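Thanks, everyone. I have one structure to walk through today. Let me put it on the screen.

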Amino acid sequence: MAASIAPPQSSHPEIAEAADSAITFEPFDLPSSNQRLLGHPHPPNTQSPLALRPSQDVTSLDGVVSAIESLQRDKTLTNLLARHGTILFRNLPIHDAADFSKFAHAFGYKPHEIIGIVVDRPLLAPNVAPANEAPKQVRIYSHNESPQVPHAPEYIFFYSHKAPEKGGETPISSSLELFHRAQAEIPEFIDLLAEKGILSKVTYYVESQYVGGSTLKQAFGKEVQDGDDEDTRREKIEAQIARYGRGEHTTWEWIEDETGKGLVLTHRLPVIRTQAGTNLPTLFTGLAAYYKNTLEVRNDTGAGRKNAAHQYFGDGTPIPQKYLARLAQITDEIKVLHKWQQGDVLVYDNVIAQHGREPWEGEQSDRIILASLFDGESVPGPYGFGSWAQVVHALEG
């Protein structure tokens with residue numbers, strides 16, 4: 001009998017059973033601060049995150065991997081992600097980066113190559129790296145992964161190797177619900193985003209701009225060798241930028257200023273995209289995070305993170321602060337905070353779910369979250385008719 005999960009008729013789906021692995025996953029409730037019922041356009045009684053755990057003690061990672069592979073033969077977990085946005089797996093025998101890598105790869109997705117990375121993510125196991133190395137006092141506001149570049153992952157896996165006693169939660173919210181709320185409450189903003197999209201200007205320097213940030217070489221220099229002259233380095237970096245496949249909608253300028261030598265990359269991108277299968281519009285964005293970071297830096301609170309990307313409407317005009325403020329308020333209203341337990345794995349459908357990071361008390365090393373990013377079979381669809389409104393998978397390279 002093939003593994004299956006019946007569509008949920010209430011807040012609890014039926015037990016997920018992988019018959020050929022003898023492992024059954026069952027749903028369980030989290031505190032209301034950590035889990036909520038999603039609003040329109042999600043189906044009624046849709047929980048996020050959907051929390052699953054084995055119904056019996058499991059000590060074999062191979063057995064878990066087999067169960068996941070069985071469930072994915074008919075895309076059971078992929079379909080659940082498309083409904084709930086986020087799935088929590090708890091009580092699994094995952095103890096390190098290598099275990100986490102095996103679990104994440106069992107879903108059958110293609111590993112995502114980050115082109116134009118803006119944070120430092122050293123590789124710890126196949127397709128596994130630290131989620132973010134920014135200082136513990138820095139709050140990372142809710143966002144979809146990589147909204148500032150054309151090539152973003154469809155799926156994100158987070159694993160808690162170590163959880164702090166206080167703080168360090170990971171926000172969870174729905175990009176589908178965010179679009180619906182924004183369309184109802186600030187419809188003129190949604191109209192402008194649909195008409196214009198955004199210009200995302202991302203600056204990369206030879207040296208990192210902030211703690212945990214990436215360098216130009218980390219972003220685009222995978223072919224650069226230590227002995228290359230400057231012209232050769234630039235040619236190799238520009239060849240990586242061309243892999244975005246965006247043509248006239250991605251341009252760049254080499255710079256040298258008081259910070260150092262670098263590159264300003266400008267993308268015209270859609271903020272509104274559509275979910276494959278449903279064609280529902282989703283706000284795929286970091287605009288609320290961009291706004292909150294800008295406020296913290298302006299107010300010199302000491303807890304902000306410098307924006308590597310600056311964002312405007314697609315015609316180059318400023319985005320009114322009143323719209324960004326309301327978008328940030330809605331984002332806060334629809335999120336829950338996942339309180340980590342050691343060994344937890346959160347899986348996000350990045351097209352329809354946002355994440356972030358709360359500050360924590362104690363030492364920097366008290367919170368260790370690893371990440372693994374993957375591509376889906378297709379990218380989000382366009383919302384509108386401009387040639388800039390459709391993103392594509394990056395070219396192989």
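Where pLDDT is low, the predicted coordinates should not be read in detail. Across the chain the average pLDDT is 91, and 91% of the residues score at least 70.

Two ground rules. This is a predicted model, so local features need pLDDT of at least 70 and side-chain atom pairs count only at pLDDT 80 or more, while totals for chains, interfaces and linings use all residues. Residues are numbered from 1 along each chain as its sequence is written, and side-chain values use heavy atoms, with hydrogens and water left out.

Now the pockets. Rolling a probe the size of a water molecule over the atoms shows where empty space is left. Here the search runs on a 1 Å grid over the protein atoms alone, with a 1.4 Å probe; a pocket is an open set of points with protein on both sides within 12 Å along at least five of seven lines, and lining residues have an atom within 4 Å of a point. Grid points are joined across faces, edges and corners, and a volume is the space filled by probe spheres set on the points.

The largest pocket holds about 670 Å³ of space. Its lining has 31 residues, and Thr78, Ala82, Tyr155, Ala276 and Asp349 lie nearest the centre. Which element gives the largest share of that lining? Helix 2, residues 76-84, with four residues. Helices here are DSSP runs of H or I with at least four residues, strands are runs of E with at least two, and both are numbered from the N terminus. By class, the lining has 13 nonpolar, 11 polar and seven charged residues. Nonpolar covers Ala, Val, Leu, Ile, Met, Phe, Trp, Tyr, Cys and Pro; charged is Asp, Glu, Lys and Arg; the others, Gly among them, are polar.

The second largest pocket holds about 500 Å³. It is lined by 24 residues, with His112, Glu113, Ile114, Ile117 and Arg121 nearest its centre. Helix 6 (216-220) and strand 21 (368-375) are the elements giving two or more residues to this lining. Helix 6 gives the most, four residues. The classes split into 13 nonpolar, six polar and five charged.

On to the sheets. Two strands pair if DSSP finds at least two bridges between them.

Strand 11 (170-174) and strand 20 (353-357) run antiparallel, joined by two bridges. Serine 174 has alanine 353 of strand 20 as its bridge partner.

Strand 15 (272-274) pairs with strand 16 over three bridges. There, threonine 274 stands opposite proline 281.

Next, a hairpin. Strand 13 (250-256) and strand 14 (261-269) pair antiparallel over seven bridges. Glutamate 256 stands opposite lysine 261. Four residues sit between the strands, and glycine 260 in the turn has a positive phi of about 145°.

Last, some backbone details. Where are the cis peptide bonds I want to show? One runs from histidine 40 to proline 41, with omega near 15°. Proline 41 is in the loop between strand 3 (36-37) and strand 4 (47-48). Asparagine 45 lies in that loop too. Asparagine 45 has a positive phi of about 65°, although it is not a glycine. Another cis bond links serine 48 to proline 49, with omega near -5°.

Methods
pLDDT = per-residue confidence, 0-100.
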